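Subject: Structure handover

Hi,

Here is the structure I promised to pass on. Please open it first, then read my notes below.

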Amino acid sequence: MEFLGQDRREGLGRKAHSRFVLFLLILVSVLLLLSSLYSAQASVFKKAREGVMDAASPVLTFFSAPINYIHDVAGSVGDYFNVMEQNKALREENAELRQWMVEALELRETVASFQALEGYQAPPNAQPVTAFVIGESNDAFARSMIVNAGRARNIEVGQAVVDDHGLVGRIVEAGGSASRVLLLTDIQSRIPVYVEGADIEGMLVGNTRKNPVISVTVTDDEIEAAPGQRVLTSGAGGALPRGLPVGTVSGERNDEIIVDLYTNYARTRMVRVINYAFPSVNPVEEEAIVTGEDEPTPAEG
């Protein structure tokens, strides 16, 4: 019995040793195989990869075209919306810049008009009042403007209104803070004038046209007014001061002289109202001037 048990144990030991040796041989074989594959740079797998890449290349090329197209379209759409947003911002900025430019041009024109008005020499004792044109009233017959100066600034009916070029008209209505100016082209306008350098006086009559005419009242036997001669206010009747520039002679028609006005109503934005009172002569002073005597002095008490 002892010999049988010993033989069995020896047999089991040999079997276990044989399995261990087999496993070890297999492991060594695998390591040698991997080492040989690594040392040979795995040429078989490399060829397989190259074959797969060659086979997939046409497919990738086929699908890459629409993918790239979609990508380009998406980028173009994004760029389009970005450009639209930029254009919107630029339009808003340009609109704001145009508004500032218009305001700057208006301010520059106002400053230029004011400087030109500053160069105007008003008659003695006159107190010109600067005003802005705030409205116009033009229809088939009426030609007038509204200015933002009235009785509160000593504006009265009949006073002359000038701009940086010449006579605009005269005050016909004076409110508390605004007045209406009857323009020289109004059909009701009558201004006493004379032609400089010629013995011609008359009334400048409005006719709702661009060029009013002079209805001659004082002249020689024949009207001799050359184009280009200046037309000035005569001061007749004491309505307006003498010497205000009105325009130039442009021609004759039916014994009337056509006048080309200095002022351009479409550009008139700032005016001056000539607060002018026609000087009166004291009868005592007039008698003293005529007789050449001095005024009597009161007796000393």
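Glu-196 is partly exposed, because its relative accessibility is 32%. The classes work like this: buried means under 20% relative accessible area, exposed means over 50%, and partly exposed is in between, with a 1.4 Å probe and protein chains only. Before going on, note that this is a predicted model: local features need pLDDT of at least 70, side-chain atom pairs count only at pLDDT 80 or more, and totals for chains, interfaces and linings use all residues. Residues are numbered from 1 along each chain as its sequence is written, and side-chain values use heavy atoms, with hydrogens and water left out.

**Salt bridges**

Which residue does Glu-196 pair with? Glu-196 forms a salt bridge with Arg-230, and their closest N and O atoms are 2.8 Å apart. This pair links distant parts of the chain, 34 residues apart. Glu-196 sits in the loop between strand S6 (190-195) and strand S7 (200-205), while Arg-230 is in strand S9 (residues 230-233). Strands here are DSSP runs (E, at least two residues), helices are runs of H or I with at least four, and numbering starts from the N terminus. Arg-230 has a relative accessible area of 36%, so Arg-230 is partly exposed as well.

A salt bridge needs a side-chain nitrogen of Lys or Arg within 4 Å of a carboxyl oxygen of Asp or Glu. Side chains of opposite charge can pair when their charged atoms come close. The count by this rule is 2 salt bridges. Arg-180 also forms one, with Glu-173, where the closest N and O atoms are 3.3 Å apart. Arg-180 is partly exposed because its relative accessibility is 24%. Glu-173 has 45%, so Glu-173 is partly exposed too.

**The largest pocket**

How much space lies in the largest pocket? The figure is about 240 Å³. A pocket is an open set of points on a 1 Å grid over the protein atoms alone, where a 1.4 Å probe fits, with protein on both sides within 12 Å along at least five of seven lines; lining residues have an atom within 4 Å of a point. The volume is the space filled by probe spheres set on the points, which are joined across faces, edges and corners.

The lining has 17 residues. Nearest the centre are Lys-210, Leu-261, Thr-263, Asn-264 and Tyr-265. Strands S1 (129-138), S2 (143-147) and S11 (256-261) each give two or more residues to this lining. By class, there are 6 nonpolar, 6 polar and 5 charged residues. Nonpolar covers Ala, Val, Leu, Ile, Met, Phe, Trp, Tyr, Cys and Pro; charged covers Asp, Glu, Lys and Arg; the others, Gly among them, are polar.

**A nonpolar surface patch**

Phe-20, Phe-23, Leu-24, Leu-27, Val-28, Leu-31 and Leu-32 make a nonpolar surface patch of about 700 Å². Patch residues have over 30% relative accessible area and no salt bridge; like charges are joined within 9 Å, and nonpolar side chains (Val, Leu, Ile, Met, Phe, Trp, Tyr) within 5 Å. Areas come from the Shrake-Rupley method with a 1.4 Å probe, and for residues only the protein chains shown count as cover. Leu-27 belongs to helix H1 (residues 2-39). Its relative accessibility is 39%, so Leu-27 is partly exposed.

**Positive phi**

Most residues other than glycine have a negative phi, and most peptide bonds are trans. Asn-154 has a positive phi, near 65°. Look for Asn-154 in the loop between S2 and strand S3 (160-162). Thr-208 also has a positive phi near 65°. Thr-208 lies in the loop between S7 and strand S8 (213-218).

Is Ile-171 buried or exposed? Ile-171 is buried, because its relative accessible area is 0%. Ile-171 is in strand S4 (residues 167-174).

Best wishes
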